[in-house]
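Subject: A structure for you to explore

Hi there,

Here is the structure I promised to pass on to you. Have a look at it first, and then read on for what I found in it.

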Amino acid sequence: MERHKRYLEQNRAWVAERKSHDPDFFRRMAEGQTPEILWIGCSDSRVSSLEITKSGLGEVFVHRNIANQAKPDDASFLSVIEFSLEVLRIPQIIVCGHYGCGGVEAALSGLTGHCAVDGWLGGVRDLAEKHRAELEELPGSTAQANRLVELNIYEQIDHICNLDVVQQTWKKGQLLCIHGWVYDMPNGLLRDLEMNINGLGDIPKRP
Ligand SMILES: [Zn+2]
């Protein structure tokens, strides 16, 4: 059977199974959402927030793109963060990158020749250039890419902290904590980079 047809069948089986354990589940879901986390992650098919955190439907509002970018000029991202903070009043944001990120590795090695992708990854290439001396001291391309994955998470959190909508959230006393995590693909473990930014006073200084 073709994969997309199999997924439709699996969906029907999932609905039946859910209803058998919790007959009210879909009615509750249809009433609305109150997620407590905004997840900003990579589009990579191996990094699903739902699966790796064992979270349930309705718990996590998600924005994913190649190399988990939080660009101040990206209308899609800005809409997500504005809606998350002003409507859903989500109190926690997790920026989750991952080792083995194809987007970060591509940015580290230069241009891919794919016009839109190269444009999208410009910020990560700039970041690699900015930290070139630190990266070149590391032994081998995997260690360099892993470090760039971490630097990219710090950079995206810096973008988020400096957004007007985020600063206004803190100024009016609304709870908001921003975390940086990295998913270690070869062992499946999430690592907390322990940023925990709770307000304007916690924002790391820009170098
Ligand atoms: Zn990735």
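The protein chain has 10 helices and five strands. Please keep in mind that this is a predicted model. Along the principal axes, the C-alpha atoms fill a box of roughly 60 × 50 × 30 Å. Of the 207 residues in the protein chain, 27% are buried. If you take the contacts in the protein chain with a separation of 6 or more, 64% of them join residues 24 or more positions apart.

The chain is divided into two parts: domain 1 covers 1-32 and domain 2 covers 33-202. Their C-alpha centres lie 30 Å apart. In the loop between helix H1 (3-21) and helix H2 (25-31) you will find proline 23. Is proline 23 buried or exposed? It counts as exposed, because it has 9 C-beta neighbours inside 10 Å, and 12 or fewer is the cut-off for that label.

Now to helix packing, starting with H5.

Helix H5 (residues 102-109) packs against helix H7 (residues 122-130) at an angle of about 55°, and their axes are 8 Å apart. The two helices are therefore oblique to each other, and H5 passes H7 in a right-handed crossing. On the H5 side, the residues that meet H7 are Gly103, Val104, Ala107 and Leu108; on the H7 side, they are Val124, Arg125 and Ala128. Sorted by class, this contact has five nonpolar residues, one polar and one charged.

Which residues of H5 are buried? They are Gly103, Val104, Ala106, Ala107 and Leu108. The cover over these buried residues includes strand S1 (37-42), H7 and H9. Just after H5 comes glycine 110, which takes a positive phi of about 115°.

H7 also packs against helix H9 (residues 141-161): their axes come within 10 Å and cross at roughly 115°. That angle makes H7 roughly perpendicular to H9, and the crossing is right-handed. H7 contributes Val124, Leu127 and Ala128 to this contact, while H9 contributes Leu148, Leu151, Asn152 and Glu155. By class, the contact of H7 with H9 divides into five nonpolar residues, one polar and one charged. Look for Val124 and Ala128 of H7 when you turn the model: they are among the residues that meet H5, and they are also part of the contact with H9.

Another pair to look at is H4 and H10.

Helix H4 (75-87) packs against helix H10 (residues 164-171) at an angle of about 15°, with their axes 10 Å apart. So H4 is roughly parallel to H10, and their crossing is left-handed. Ile81, Glu82 and Leu85 of H4 make the contact with Val165, Val166 and Thr169 of H10. The classes here are four nonpolar residues, one polar and one charged.

Finally, there are two backbone angles to check.

Most residues other than glycine have a negative phi. Where in the chain is alanine 67? It lies in the loop between strand S2 (60-65) and H4, and its phi is near 65°, a positive value in a residue other than glycine. Alanine 67 is buried, because 26 other C-beta atoms lie within 10 Å, and the cut-off for buried is 20 or more.

Arginine 89 is found in the loop between H4 and strand S3 (92-98). Its phi is near 50°, again a positive value in a residue other than glycine. How many other C-beta atoms lie within 10 Å of arginine 89? There are 13, so arginine 89 is partly exposed; that label sits between 12 or fewer for exposed and 20 or more for buried.

Best wishes

Methods:
Residues are numbered from 1 along each chain as its sequence is written. This is a predicted model: local features need pLDDT of at least 70, side-chain atom pairs count only at pLDDT 80 or more; totals for chains, interfaces and linings use all residues. Domain bounds come from an automatic or database domain assignment. Axes are lines fitted to C-alpha atoms, for helices over the stretch in contact, and angles run from 0 to 180 degrees between N-to-C directions. Helices (H or I, at least four residues) and strands (E, at least two) are DSSP runs, numbered from the N terminus. Angles under 35 degrees count as roughly parallel, over 145 as roughly antiparallel, 65 to 115 as roughly perpendicular and the rest as oblique. A crossing is left-handed if the near helix is turned anticlockwise from the far one by less than a right angle, and right-handed if clockwise. Two residues are in contact if their C-beta atoms, placed from the backbone, lie within 7 Å. Ala, Val, Leu, Ile, Met, Phe, Trp, Tyr, Cys and Pro count as nonpolar, Asp, Glu, Lys and Arg as charged, and the others, Gly among them, as polar.
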